[in-house]
Amino acid sequence: QRTERTLTWTDPKTGLVVRCVAVEYLDFPTVEWTLWFKNTGQGDTPILEKILALDAGWDRAERGEFLLHHAVGSPCSKGDYGPLLTELKPNATKRIAAAGGRPTNSDWSYFNLESPGEGLIVVVGWPGQWAAEFARDGARGIRLRAGQELTRLKLLPGEEVRSPLMALQFWKGGDWIRAQNIWRRWMMAHSMPKPGGKLPPPQFVASSSRAYSEMIGANEANQIMHIDRYLEEGLKLDYWWMDAGWYIQEKGWPQVGTWEVDPKRFPKGLRPISDHAHSKGMKIVVWFEPERVADGTWLAKTHPEWLLGKEGGNRLLNLGNPEARKWLTDHVDKLLTEQGIDLYRQDFNFDPLGYWRGNDAPDRQGITEIKHVMGYLEYWDELRRRHPNLLIDSCASGGRRNDLETMRRAVPLWRSDYAFEAIGHQGMTWGISLWLPYHGTGTVACDNAPYYGGGATPVQPYAFWSNAAPSLGSGIDIRGKEIDYNALRKLIGQWRAISR
């Protein structure tokens, strides 16, 4: 159901080769492309700057204004994934961008541009610092521009880099909600991970993190005890979730960078826990945060040349460094196999943009970001190649890295670090489901619940859980009836008022 086309341009003077690799979908009104730039010459290329993955115009067919449907990202608030609406009148310009280098840190990188009777879904797939601009002219047209926010770089001989992925889906007739349903069907058909060749099923996932300060106070015995207690209460788990802190550390779970199971608390590793879970018909999730490196850890001491940033704070493992990426791939591959890990959970708890840009020379601005993004995607692709049944959970302080390239390889089981009460999560479920057909909830009892328990709350949050399920993506509600779009539009208006 797909046709791939490659357009290539070559500059004979410098040896610069530009490829546009585009995919046309035959079963959906969707097209996507990525640009590649390679230096095949003997010397450096001239400066390439202000590279736009998308730069196109569009004229509406009828009277009426353009309406831009967009959304909040996941900055850890009750309004996470809240829908936003911007009317684009003549000569108006709306610019939206990522923040700090994490793509859905502040704003959502997915858009639905509506004009009377038709529209265009525009999505930027870039696990880094993207920017998009929607600029009206004085008549019936609009200019769409999107790409990596900052590029001003030369390429060295033999060097190749890429642009963000751009995906466009055209729609005509119906309304923008119908277009969202078609987008979600496309996601399920073509842009979601399928471990073992199948879409992930609904899941009930639980953890003991609130009882043991993540995994700082955890050990083999209490993890097995928690698994058994859930089963004794008739709560059949699909996954047992072991979060931050299972590794060797001296100052708490944020001290990441020594990716070995702590032998003091887990003398036999995590394998006895995973074996026990498997014997009960469930799998296990284990948390990693490989890109952040803290002082005093193995990576900080042994391979400082792989790190960006200075001592005394977080440093970034540079996934654009082939040696660092190879070590990480081989090491995590070994842990997945030896410890019996079924689901790999990757977190990312700080903003990388300053580290990337601080490493760039004036004539190489944007290059560190590009190579890190390419390395991050290559790392995940290789893990999935070696473990075809592996499911990856994407977490970046909640849902701050849910761009399209990431969502092709992973699912967001913990969509927001705002996980404290039901109303916020009802809103999040509505907002994120417009775009992602599969996601999990983070659930704690109430909005005044302390993160690790111990307070006077209606329900003591000594454990937490996450329910992951496909959202309703076919235009049919749970009663088997066609969705009442008028009622849905009314809900949208109410939610926008709450978001504001």
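Trainee: Let's start with N105. Where is the place of N105?

Mentor: N105 sits in the loop between β8 (93-97) and β9 (110-115). Helices (H or I, at least four residues) and strands (E, at least two) are DSSP runs here, numbered from the N terminus. This is a predicted model, where local features need pLDDT of at least 70, side-chain atom pairs count only at pLDDT 80 or more, and totals for chains, interfaces and linings use all residues. Residues are numbered from 1 along each chain as its sequence is written, and side-chain values use heavy atoms, with hydrogens and water left out.

Trainee: Good to know. Is N105 buried or exposed?

Mentor: N105 is buried, at a relative accessible area of 7%. Buried means under 20% relative accessible area, exposed over 50%, and partly exposed in between (1.4 Å probe, protein chains only).

Trainee: What does the side chain of N105 make a polar contact with?

Mentor: The side chain of D351, at 3.1 Å. The N105 side chain also reaches the backbone oxygen of A99, at 2.8 Å. A polar contact is a pair of N or O atoms within 3.5 Å; within protein, one must be able to donate a hydrogen and the other to accept it, and residues adjacent in sequence count only if both atoms are side-chain atoms.

Trainee: And which residues does N105 touch, not counting residues up to four places away in sequence?

Mentor: S74, P75, A99, G100, D351 and R400. Contact means heavy atoms within 4.5 Å.

Trainee: Changing topic: which residue has a positive phi of about 50° although it is not a glycine?

Mentor: S397 is one, and S213 has a phi near 50° too. Most residues other than glycine have a negative phi.

Trainee: Where do they lie, S213 and S397?

Mentor: S213 is in the loop between β16 (203-207) and α2 (220-232), while S397 is in the loop between β24 (391-394) and α8 (404-407). S213 counts as partly exposed because its relative accessibility is 33%, whereas S397 is buried at 8%.

Trainee: On to helices. At what angle do α5 and α7 pack?

Mentor: About 35°, with the axes of α5 (residues 322-339) and α7 (residues 367-386) 10 Å apart. Axes are lines fitted to C-alpha atoms, for helices over the stretch in contact, and angles run from 0 to 180 degrees between N-to-C directions.

Trainee: Which residues make the contact?

Mentor: From α5, R325, L328, T329, D330, V332, D333 and L336; from α7, G375, E378, Y379, E382, L383 and R386.

Trainee: Let's finish with β12. How many of its residues are buried?

Mentor: In β12 (residues 141-148), 6 of its 8 residues are buried, so the strand is mostly covered.

Trainee: Which strands pair with β12?

Mentor: β5 (residues 54-59) pairs with β12 in the antiparallel sense over 6 bridges, and β11 (residues 130-136) pairs with β12, also antiparallel, over 7 bridges. Two strands pair if DSSP finds at least two bridges between them.

Trainee: What stands opposite I142?

Mentor: W58 of β5 does, and I142 is also the bridge partner of R136. A hairpin of 4 residues joins β11 to β12.
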